[in-house]
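Q: I would like a close look at one part of this model, the sheet and the turns around it. Please take it step by step.

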Amino acid sequence: MTTDGTDGIDDSPGGDDEPTVPIVCEECDTRTRVPLSDLADQLERHNETRHDGEDVAGVEPALADRIADLVAEDMGLLDGE
């Protein structure tokens, strides 16, 4: 998983219109962006081949936190604050 598109990270079959998600692997010191539709497969493939299945690589932490906040807000979980 590198920024040059290696390690199974291919162009989106849907073209450039599909949003991409930043993913990072601190252990490999790599960062890249993958099409949203390929996110789960790319993370699973990287973690299986590089880290014996451990969940090491993941969505950029700042983005993951922001998404969690938006979901919690949308679900009304933050209404009591």
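Which residue in β2 is the bridge partner of Ile23?

A: In β2, Ile23 has Thr32 as its bridge partner. This is a predicted model, in which local features need pLDDT of at least 70 and side-chain atom pairs count only at pLDDT 80 or more, while totals for chains, interfaces and linings use all residues. Residues are numbered from 1 along each chain as its sequence is written, and side-chain values use heavy atoms, with hydrogens and water left out.

The protein chain has two helices and three strands. Helices (H or I, at least four residues) and strands (E, at least two) are DSSP runs, numbered from the N terminus. In that direction the elements run β-β-α-β-α.

The three strands make an open sheet in the order β2-β1-β3, with antiparallel pairing. Two strands pair if DSSP finds at least two bridges between them. β2 and β3 are the edge strands, since each pairs on one side only.

Take the pair β1 and β2 to begin with. Strand β1 covers residues 20-25 and strand β2 covers residues 30-35. Six bridges hold this antiparallel pair. Besides the Ile23 and Thr32 pair, Pro22 stands opposite Arg33 in β2. The other neighbour of β1 is strand β3 (residues 58-59), which runs antiparallel to β1 and is joined to it by two bridges. Here Val24 has Gly58 in β3 as its bridge partner.

β1 is mostly covered, as five of its six residues are buried. Buried means under 20% relative accessible area, exposed means over 50%, and partly exposed is in between (1.4 Å probe, protein chains only). For the protein chain of 81 residues, 28% count as buried.

Now the turn. β1 and β2 form a hairpin with four residues between them. Asp29 lies in the loop between these two strands. The phi of Asp29 is near 55°, a positive value in a residue other than glycine. Most residues other than glycine have a negative phi. Asp29 counts as exposed because its relative accessibility is 68%.

With a relative accessible area of 75%, Asp52 is exposed.

The structure holds zero disulfides, a disulfide being a pair of cysteine sulfur atoms within 2.5 Å. Cys25 is in no disulfide, and the nearest cysteine sulfur, that of Cys28, is 3.6 Å away. Cys28 is likewise in no disulfide, with the sulfur of Cys25 as the nearest cysteine sulfur. Cys25 is buried because its relative accessible area is 1%, whereas Cys28 is partly exposed, with 29%.

α2 is followed by Gly76, whose phi is positive, near 80°. Leu77 is in the segment after α2, and this residue counts as exposed because its relative accessibility is 59%.
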